[in-house]
Amino acid sequence: MAGEPSSFSLGEIVERLGGEVIGDPRTTVRRVAPLESATPDSITFLADERYSSRLGKSRAGAVIVGESARRATGIPRVVCADPHAYFARVSGLFNPPREVCPGSHPSAVIDASAVISPGAEIGPLAVIGRNVQIGEGSRIGANCCVGDDTRIGRHARLEANVTIYHGCTMGDRVIVHSGVVIGADGFGLATESGRWIKVPQIGRVVIGNDVEIGANTTIDRGALEDTVIEEGVKLDNQIQIGHNVRIGAHTAIAACTGIAGSVKIGRHCRIGGASGIAGHVVITDHVDISGYTAVTKSIDRPGRYSGVYGFEPHARWRKNAVQLRHLGELAERVRALEKKQAQKKRSKS
Amino acid sequence: MAGEPSSFSLGEIVERLGGEVIGDPRTTVRRVAPLESATPDSITFLADERYSSRLGKSRAGAVIVGESARRATGIPRVVCADPHAYFARVSGLFNPPREVCPGSHPSAVIDASAVISPGAEIGPLAVIGRNVQIGEGSRIGANCCVGDDTRIGRHARLEANVTIYHGCTMGDRVIVHSGVVIGADGFGLATESGRWIKVPQIGRVVIGNDVEIGANTTIDRGALEDTVIEEGVKLDNQIQIGHNVRIGAHTAIAACTGIAGSVKIGRHCRIGGASGIAGHVVITDHVDISGYTAVTKSIDRPGRYSGVYGFEPHARWRKNAVQLRHLGELAERVRALEKKQAQKKRSKS
Amino acid sequence: MAGEPSSFSLGEIVERLGGEVIGDPRTTVRRVAPLESATPDSITFLADERYSSRLGKSRAGAVIVGESARRATGIPRVVCADPHAYFARVSGLFNPPREVCPGSHPSAVIDASAVISPGAEIGPLAVIGRNVQIGEGSRIGANCCVGDDTRIGRHARLEANVTIYHGCTMGDRVIVHSGVVIGADGFGLATESGRWIKVPQIGRVVIGNDVEIGANTTIDRGALEDTVIEEGVKLDNQIQIGHNVRIGAHTAIAACTGIAGSVKIGRHCRIGGASGIAGHVVITDHVDISGYTAVTKSIDRPGRYSGVYGFEPHARWRKNAVQLRHLGELAERVRALEKKQAQKKRSKS
C-alpha cells in the first residue's frame, strides 16, 4: 500500500474477474475513477447505456461497459454482465481493505477468559470482556468495547469505538462502523400507578454473516427472545432497530430509518432513508419502501410502497397544509354536491 | 449468576411481590418466557384477557393473570392487579442486574480531585475529570468520559462509552446506555454579516432520579439556563433533546424523536417514535403523541394527537401526492361549485 | 476561571466590542442572563424591540439594545447594530472556552510518525494514528480516535469520544462534539445475483475552517471523490451526511436531518431539523427549508420551502388521513361535478 497504488492490465483484470477485453489487453490502469474526472491511467464504468455519449468526452484509459454498449466507444474496454458490480470488484483490486496485523495492542484490556484467535487483531485501548470469543482474521478497532460472553466470527471488522453488550453473536465477515451500539436494552416498560417499571431485556442480538452496519446505528437486544439480523443485510448509518426485530437476509436499509419493536422484515427488501416502521408490522420479501415513508401497517405483497408528501414554496405549501386539516369536511362537501346534482337530475326526469 | 438461573416457587414469588396463587404454590419455575414458547419450567403472563384461549396451547409451568382471568386456565397461576407490571418484577427476580464490583480499574484515568464513593465501580479506560462526584453503588462502564464538576448520584449505571460533559448533574438509579452524549453545546448561533457566531452554551443538563436514557441519545446543555429531565423520564435510543428543554416527570419518549430547543413537555406524556417537536412548543401533562408526528404548535389539552400520513402502493400514492400539491385549489373549486349551486337554487325560488 | 467569573464595566465592553454606552459606563456586570431572570450583576439583551415593555420588569444591571430601542429603558445599556450577535460576544468574554494545555496525556496512544504541534493538547486515552498531523492550539479530547493520515488544523477542538477515520482533513478552529463519526464508509452497494457487493469507499471527508459539528453526527467519506463541508458550516446533533455530499459555506443544518448521497447544498442555506434530502438533489444558495420537510427534488431558486403536514387531535386526524388516501379520486369527482355544471349551463344557453 506504500506510495503508489498497484497497476493492472485489462488482461490481468479479466483473468481475475471474468469478462471480455475489447481493445489492447495490455492497457494498464492504476486507479478507478468516475466517468467525468477519469484520467488516462484510470478505469471507469458506464452504468447506463443512455449515457454512452459521455464516453466521447472522457479521458479514461479504460471503461467497463455492459453487453449492449460494447460498441459505444473506441476506448479500451471490458464487457461484462453488470458494469456496476464489476466496477466494485475492480475497485476492490486497487483498494483492498487494510490487512489485519495479528496480535493485541498492549494497551487493550482483555479479560483472561477471552478466547481470541492468534490470527485476530485487537486495537489500542479496546476492552474485551469475560468469555468473549473472537475468530481468525478479525480486527477489533481502537476503543471498542466487547461485552461478556459475546462471540464474533472470522474476518470481521469492528472500526474504532464500537460497543457491543454482553451475550451477542456475530457471524463471519461482518463490518461494523464507529459509534455503533449493539445489544443495549430495548424500550421495555410496564406501568404501575403512573410510574414506569423496567422490563428486563434478556434476549440477545444475533447477527449473520456478511452483514455491514453503518456508523452510529443502534440494535437493541431482545426483550425475551432475540433480535436477529440475517446474513447479507446492509444497514446504513444512524438506523435504530428495536427489540425482537428480525430483518431478513439481503435486505438493505438506508440511513436514519427507525424500526420499532417486534417488526419483521422479509428478505431482499430495500428500505429508503428516514423511514419509520411501526411496532409489530410484518413486511414480506421483496418489498421496496421509498424514503421518508411511515409504514404503519403490515405489507403482505411484494412491490414498491411510498408515503412521502413533498414540499413546496412556503406560501403555496401553507395553502395546501391548511386544507389538509379540513380534508374530511371537503370530502363531505363534495358528497353533498354530488347528491344535490343527482337529485336535480332525478327531479327533471 | 453462574450457570443455571435460580428457581422460585409460586409461593416464594407472591411472598416477595404480592398477589394470590391459584394451584400448587410449590410449583417451581426457573425463567420467564413468552406465552408461545414457554416451557414447563417457565412462568409467562397473559396481558389481555381476550387472548386467554391461547393459554390452552401453552406449555408454561405457571402464568400471571389479571383478576378477570383467574378462572381462564388450569395452569398454576398468580392473580394480580397488573399482569405486565408483575411479570416485569418477576423477570427482575430471575434476571437481576449485574452486581457492582466496588473499586476502580487500574487503567481508568481518574483526576485526583474526583470524589468517588468507595462503593462505586469505575470500569477500564474510563476518564473521570476534576471534582467529579460519583455516589455509592454506581457503576461507570468501560471507556466512559465524565467531564469536570459533574455529579452522579447513587446506584446509577453508565454502560460503556457514555460521554458526559462538564458541570452536569444526574440523580440516583439513572441508567445511561452506550453512545449517549449529555451536555454537548446546544445549537446556539447568532448571525453577523452572513457568518454564524457561536453563542456560548453555559447552562447545564440536570437529570432527575430513575431516568433511563437509550443508546446514542443526545441531550444538549442549556444556553443560559439548564436543560432539565425530571424524575422517572424514560428516553429510548437516538433521541435528540435541544438546549433548554424541560421534560416532565414520568414522560416516555420513543426512539428517533427530535426535540428542538426550549420545548417544554409535561408530566406523564407519551411521545411516539420518530416524532419531531418544534422549538419553543409547550405540551401540557398527559398528552400522547403518535409516532412520526410533527408537533408544530403547543398543546394545552390532554389527549392523543396524531399527524402521520400513511403509505400506499407506489402508483396510488403518486396520484394522491400530486393532488396534495393542488389541495388549496381543489378547495376553491369546491367552494365555486357550492356557490353556483346555491345561486341556481336562489334563482329558481 | 477559578471561583467567581471575572467582571467587566460597560466601558470596558464597548472598548473591546464596539457600540455605545448610554448611562454610567462604570456599571459593572459579572455574567450574562436572560431578560426574565437577570440580576443586578447581569447583562442581558433585547432581541426584538416589540418586547421592550418587558424591560420594565427586568432586574438586569445592564442591557444590550438595538438602535431603535435606545430610549426604551432607563437601565444602563449598550446600543449596537445587532443585539443578539453582540450578546454572543459579551457572553464569550465571560465564558471563554477552556484553555488548551499543551502536551499529550501519558495514557494516549500516539503513533511515532504523527506530527503533533507542541502547542496542541492530546487528552487521556486518545488514539492517534500513523502520519496524523495536528496543528497548533488544537485540543483532542479523551478517548478520541484519529485515523491514519488525517490532518487537523490549528485551534481545533475535538471533544471526548470523537472518531475520525483515515485520510480526512479538517481546517482551523473546527469544533467537533462527542460521538461524531467522520469518514466512515458511505452506503455504496452493487447487486449481483441478489446479493449486495460492497463498493470500496475511497474518497475522503474534507472539512473547512470554522465548521462546528454536533454530537453523534455522522459524515461519510466519498465513494470515489470527496465529501466536502465548506467553511463556516454549522451542523447540529445527529445529522447524517452521505457520501459525496457538498455543503456550501455558512450553511446551518438543524438536528436529526438526513442528507443522502451526492446531494449538493449551496451557501448560506438554513435547513430545519428532522428534514430529509433525497440523493443527488441540488439546492442553490440562500435556500431555507422548514423542519420535518422531505426535499425530493432540486431547488434552483432562493427562498423558503416547506413540506411538513401538521397534527390534529387523533379523531379529527383520522378523518383527514383516511381521505388523503382517496385524494386522487376526490379530485376526479370534483372535475366530474364541474363538467356537469358546465354542460347544464351550456344546454340552457
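Modeller: Before we look at any strand, take one rule with you: two strands count as paired if DSSP finds at least two bridges between them. Please also keep in mind that the model before us is a predicted one.

Biologist: With that rule in hand, in which sense do β37 and β39 of chain B pair, and over how many bridges?

Modeller: Strand β37 of chain B, residues 287-289, pairs with β39(B) in the parallel sense, and three bridges hold for that pair. Within it, V287(B) is set opposite G303(B) of β39(B).

Biologist: Which strand of chain C pairs with β39 of chain B?

Modeller: That strand is β40(C), which pairs with β39 of chain B (residues 303-306) in the antiparallel sense over two bridges. Residue by residue, Y305(B) faces P313(C) in β40(C), while S306(B) has E312(C) of that strand opposite it.

Biologist: How should I read the contact between chains C and B as a whole, and how many residues does each chain bring to it?

Modeller: In general, the size of an interface is often given as the accessible area lost when the parts come together. Here we can count residues instead: chain C brings 59 and chain B brings 57. On the side of chain C that touches chain B, the elements giving two or more residues are α2 (83-94), β40 (312-313), α3 (314-324) and α4 (327-348) of chain C. Of these, α4(C) gives the most, with seven residues. Sorted by class, this side of chain C holds 27 nonpolar, 23 polar and nine charged residues.

Biologist: By what rotation is chain C superposed on chain B?

Modeller: The general idea is that two copies of a chain are related by a rotation about an axis and a shift along it. In this model, chain C is superposed on chain B by a rotation of 120 degrees, with 0.0 Å of shift along the axis and an RMSD of 0.1 Å. The two copies are therefore related as by a three-fold rotation axis. Chain C can likewise be laid on chain A by a turn of 120 degrees and a shift of 0.0 Å along the axis, with an RMSD of 0.1 Å.

Biologist: Turning to chain A, in what order do the strands of its open sheet stand?

Modeller: There are 10 strands with parallel pairing, in the order β9-β12-β15-β18-β21-β26-β29-β32-β35-β38. At the edges stand β9 (109-110) and β38 (294-295) of chain A, and each has a single partner strand, so one side of each is left without a neighbour in the sheet. Inside that order, two bridges join β29 (residues 240-241) to β32 (residues 258-259) of chain A, and Q240(A) has G258(A) as its bridge partner in β32(A).

Biologist: Which residues have the most contacts inside the largest nonpolar core?

Modeller: In soluble globular proteins, nonpolar side chains tend to be buried together. The largest nonpolar core of this model has 240 residues, and those with the most contacts inside it are A126(A), A126(B) and A126(C). Beyond its neighbours within four places in sequence, A126(C) is in contact with residues including A108(C), I140(C) and C144(C).

Biologist: How many C-beta neighbours does K344(B) have inside 10 Å?

Modeller: K344(B), which lies in helix α4 of chain B, has 16 such neighbours and therefore counts as partly exposed.

Terms used
Residues numbered from 1 in each chain as written. Chains lettered and ligands numbered in written order. Predicted model: local features only at pLDDT ≥ 70, side-chain atom pairs only at ≥ 80, totals over all residues. Least-squares fit on C-alpha atoms with pLDDT ≥ 70 in both. Helix = DSSP H or I, 4+ residues; strand = E, 2+ residues; numbered from the N terminus. Contact = placed C-beta atoms within 7 Å. Nonpolar A, V, L, I, M, F, W, Y, C, P; charged D, E, K, R; others polar. Core = buried A, V, L, I, M, F, W, Y, C linked by C-beta atoms within 7 Å. Buried ≥ 20, exposed ≤ 12 C-beta atoms within 10 Å, placed from the backbone.
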